[in-house]
Amino acid sequence: METRPGSERILVAPDTDPLDGDVRWAPGKSLWLAGMTASALLLGSLCFSWSALALFLATSAVTLCAGHSVGMHRKLIHASFDCPLWLEHLLVYLGTLVGMAGPFGMIRLHDFRDWAQRQPACHDYSRHHAGFWRDAWWQLHCRLVLRRPPDFRLEPRLAGDRFYAVVERTWMLQQLPWAALFFALGGLGWVVWGICVRVSVCVTGHWLVGHFSHTRGDQVWIIDGVAAQGYNVRLAALISMGENWHNNHHAYPGSAKLGLLPGQVDPGWWLIRSLEAVGLVWNVRTPHNMPERPGLRRLTEAELRDGVADAA
Ligand SMILES: [Zn+2]
Ligand SMILES: [Zn+2]
């Protein structure tokens, strides 16, 4: 077993193979999302109120920005800044409330995909290349089972964290206290919009951003010799909290800042800067203080003009 740079939690053997495998229905995540989506579709319009819509928007913004983007992705997965442990726990807990997986499940999903995309070739599942509708079915309702998968090992700091272990075991149940609170404050409408509509929209939206950010959009950087490139999906900046700048993320995975070029709106970065300003975040990593990724190449003006990147 050896580790590869940038995939420290993924351990490969000589016969590990990112290509050879089957996509299988994943009952747990499929029924979870189908249940949330069916409830949202059936009850959403019946239970509509402006306050329920406001609750949906506010809870989506907090869980996606502070939770998913800053807590889960930029901090827990990429360690792109330092902060007190209580704040890390709070941010990651908010990320769990998005309703996709627990903290360890999210790390595993992310790092496995990241490892596969860095190989010279990988399964279409891992690079979102199955076409729109099939990719939707695969990513939202199935999982990839490789015949010879890599091993996954959490670093001791996370593996021994009891708070994360509890949240990991109970990530679906974590919606319940919030559902009870919303019911007490605003009745069934608040539960439907604050839980069911939010989870189905955010989980489906996360897939949409993931799909487009691996299939089409703008490119500034190319990584030579890897199975998948990332794309910047301009329209999704605000709703994805900056996660849409995925070409930048492939170029600088450890950067806390995702919107790297002028005009690239990045709400997650604004939150990190605000927390840094009040002393709750430090050692923030950006391309200015990071080593460059091997194989990284910035496209020339001529290549950008000719759209060479589109063919990649
Ligand atoms: Zn990617
Ligand atoms: Zn990442």
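The radius of gyration used here is taken over C-alpha atoms, and the globule rule it is held against is 2.2 Å times the number of residues to the power 0.38. For the 312 residues of this predicted model, that rule puts a compact globule near 20 Å; the protein has 19 Å, so the two agree. Along its principal axes, the C-alpha trace spans about 55 × 45 × 45 Å. The secondary structure comes to 14 helices and seven strands. Of the 312 residues, 40% count as buried. Among contacts in the protein with a separation of 6 or more, 71% are accounted for by residues 24 or more positions apart.

Helix α9, residues 175-186, gives a similar exercise: its twelve residues should span 16 Å at 1.5 Å a residue, and the end C-alpha atoms are 16 Å apart, in agreement. Just after α9 comes glycine 187, with a positive phi of about 75 degrees.

Helix packing can be followed in one pair. Two packed helices are described by the angle between their axes and the distance between the axes. The axes of helix α2 (residues 50-77) and helix α12 (residues 267-277) come within 10 Å and cross at roughly 80 degrees. Angles of 65 to 115 degrees count as roughly perpendicular, and α2 and α12 are therefore roughly perpendicular to each other. On the α2 side, the residues that meet α12 are Cys65, Ala66, Ser69, Val70 and Arg74. Their counterparts in α12 are Pro267, Gly268, Leu271 and Ile272. By class, this contact has six nonpolar, two polar and one charged residues.

Aspartate 22 has its place in strand β3, residues 21-25. A residue with 12 or fewer C-beta neighbours within 10 Å is exposed; aspartate 22 has 12 inside that distance and therefore counts as exposed. Between aspartate 22 and asparagine 247 there are 225 residues of sequence separation, and the C-alpha to C-alpha distance in space is 28 Å.

Technical notes: Residues numbered from 1 in each chain as written. Chains lettered and ligands numbered in written order. Predicted model: local features only at pLDDT ≥ 70, side-chain atom pairs only at ≥ 80, totals over all residues. Helix = DSSP H or I, 4+ residues; strand = E, 2+ residues; numbered from the N terminus. Buried ≥ 20, exposed ≤ 12 C-beta atoms within 10 Å, placed from the backbone. Contact = placed C-beta atoms within 7 Å. Axes fitted to C-alpha atoms, helices over the stretch in contact; angles between N-to-C directions. Parallel < 35°, antiparallel > 145°, perpendicular 65-115°, else oblique. Nonpolar A, V, L, I, M, F, W, Y, C, P; charged D, E, K, R; others polar. Expected span 1.5 Å × (residues − 1).
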